[in-house]
Amino acid sequence: MVASLAERLRAGTVLGAEGYVFELERRGYIKAGPFVPEVVLDFPEAVRELHREFLRAGADVMVALTYYAHREKLRDVGREGDLEAMNRQAVRIARSVAAESAADGGAAGGALVAGNVCNTWAYDPDDPFTARAVRAMYTEQLSWAAQEGVDFVISETNDYLGEALIALEVIQGLGLPAMVTLAPTQPHLTRDGYEYADACRILAAEGAAIVGLNCDRGPRTMLPLIARIRDTVECAVAVQPVPYRTDAIAPTMETLRGLDGSRAFPIALDPFTCTRFDMAQFAVQARDLGVNYVGICCGAGPHHVRAMAEALGREVPASKYSPSMNLHPMFRPDVSARDAAFLPSWNA
Ligand SMILES: [Zn+2]
C-alpha cells in the first residue's frame, strides 16, 4: 500500500526530485532552446532510466515529464499532433517506474506519481483571452494525466499568480490534490505584482495542498524567500531550488555570468553547480525551517538527491554505493608508504 501525499506530509519530509529536462538535454535527448520533452515518445527508455535513478536516490515522487508538453510549445516544434500521446505516455512511464518501487518494497511502499504543468508563456494578465487559452491547455493536459492515473498534480515555475490560479482551478476540478509553486525570478514579486508570500497565501486560501517556490534560485538565495512563505501560510510548503551557486550579486541562474561576462544560463551553468554536500546541507536547512516538501529542480543529478535523502536520515537503494573514502587508495587510514609518498604532489 503506497502512502498518500497527505499521509507522507504528516509523517515527515517528502523528498522531491526534478530537473528532467536539463538532465535529458545533457544526455542528448532534448533540444536546448525549445526544451520540449519529445524524448517521452522518441526515447522512452531514457526517461524511464532517469526516473529509476531518482527513485533509487530516494525520491518519493515520480513527476511525469510533461513540462512544456502543452499545445503552444508542441506547435513550436511541429509536433502538435503528438500532444495527447506525449502527455499520456509521460504519465505511463512515471507510473510504471513507481510501480517497480512498490514491488521492491521501496520507501513507504513506493513512490507517488505526480502530473505536471508549468508556465505556458501564453498568459497575459491584461488579456482575458489568454486566460481562456491557458485554461484550455491545462485542461487537456491534466485530463489525460488524470485518466492515466496520478496521485496529485504539480503546477510549477509559475511566473504569474493569475496563471497559477488557473492551474489550481483545473487541478481541483479533477478532484486531485494540488502543489503549486512559483518561479522566483524577480527579487520579491511575481510578474503580476504579488509578493511571493502573499501569492502563496492566496493559493493556500484557494485550496492548494502545498504552496512554495521552485526553479531559478539556488539554495542560498531561495531559503530566505521560503522562510517568509513558511511564516505566512498554514498549509504544507514546498521548495525545489536549482543546484547552482547563486548569491547576492547573481540571485538567479539566469543572472549568473561566466568569467568572460557571458550569460551562463541555460547551457553553460556547469561551473556553478552545487556539490552533493551543498544540497545535503540545503535539505537539512529547509527541513529545519519547517518546509514539508524538499526537492531540487533544473540541474539536478541523482547524486544530489541521494545526498539530500541521506542528510534527511534515510537509507535509499543507491546508498549501497554511497562513498567509502576509507577505501580510497590515497585516503584510507592504512595508506601504504608507497602511495603516501604521492600525497605531497596532491597537496601542492
Ligand atoms: Zn527548474
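Are Cys-215 and Cys-298 buried or exposed? Both Cys-215 and Cys-298 are buried, where buried means under 20% relative accessible area, exposed over 50%, and partly exposed in between (1.4 Å probe, protein chains only).

This is a predicted model, in which local features need pLDDT of at least 70, side-chain atom pairs count only at pLDDT 80 or more, and totals for chains, interfaces and linings use all residues. Residues are numbered from 1 along each chain as its sequence is written, and side-chain values use heavy atoms, with hydrogens and water left out.

**View 1. The zinc site.** The zinc ion has Cys-215 (SG), Cys-297 (SG) and Cys-298 (SG) as its protein donors, at 2.2 to 2.3 Å. Donors are N, O and S atoms within 2.8 Å of the metal (3.2 Å for Na, K and Ca); water is not among the atoms, so sites may look incomplete. Along the chain, the spacing of these donors is C-x81-C-C. Cys-215 and Cys-298 are 83 residues apart and link distant parts of the chain. Cys-215 sits in the loop between strand E6 (210-214) and helix H10 (219-232), while Cys-298 sits in the loop between strand E8 (293-294) and helix H12 (302-311). Helices (H or I, at least four residues) and strands (E, at least two) are DSSP runs, numbered from the N terminus.

**View 2. The largest pocket.** The largest pocket has a volume of about 500 Å³. Its elements with two or more lining residues are helix H2 (20-26) and strand E4 (152-158), and H2 gives the most, with three residues. The lining has 27 residues in total, and Tyr-67, Tyr-68, Thr-157, Cys-215 and Cys-298 lie nearest the centre of the pocket. By class, 16 are nonpolar, five polar and six charged. Ala, Val, Leu, Ile, Met, Phe, Trp, Tyr, Cys and Pro count as nonpolar, Asp, Glu, Lys and Arg as charged, and the others, Gly among them, as polar.

**View 3. The two cavities.** Rolling a probe the size of a water molecule over the atoms shows where empty space is left. On a 1 Å grid over the protein atoms alone, a cavity is a set of points where a 1.4 Å probe fits but cannot get out, and a pocket is an open set with protein on both sides within 12 Å along at least five of seven lines; lining residues have an atom within 4 Å of a point. Grid points are joined across faces, edges and corners, and a volume is the space filled by probe spheres set on the points. The whole structure holds two cavities of 30 Å³ or more. The largest cavity contains about 60 Å³ of space, and its lining consists of His-188, Glu-195, Tyr-196, Ala-197, Leu-225, Arg-228 and Ile-229. H10 supplies the largest share of this lining, three residues. The second largest cavity has a volume of about 40 Å³, and residues including Thr-66, Asn-87 and Trp-144 line it. H7 gives the most to this second lining, with four residues.

View 4. Eight strands make an open sheet with parallel pairing, in the order E1-E8-E7-E6-E5-E4-E3-E2. Strand E1 (14-15) and strand E2 (61-63) are at the edges with a single partner strand each, so one side of each has no neighbour in the sheet. Two strands pair if DSSP finds at least two bridges between them. Strand E7 (residues 236-240) and E8 run parallel and are joined by two bridges. In this pair, Val-239 stands opposite Val-294 in E8.

**View 5. Salt bridges.** Side chains of opposite charge can pair when their charged atoms come close. A salt bridge is a side-chain nitrogen of Lys or Arg within 4 Å of a carboxyl oxygen of Asp or Glu. The whole structure has 24 salt bridges. One of them joins Arg-26 to Glu-23, with the closest N and O atoms 2.5 Å apart. Arg-26 and Glu-23 are three residues apart in helix H2, so about one helical turn separates them. Arg-26 is partly exposed at 41% relative accessibility, whereas Glu-23 is buried at 10%. Arg-79 and Asp-82 also meet through their side chains in a salt bridge (2.8 Å, N to O). Salt bridges with shared partners join Glu-23, Arg-26, Arg-27 and Glu-53 into one network.
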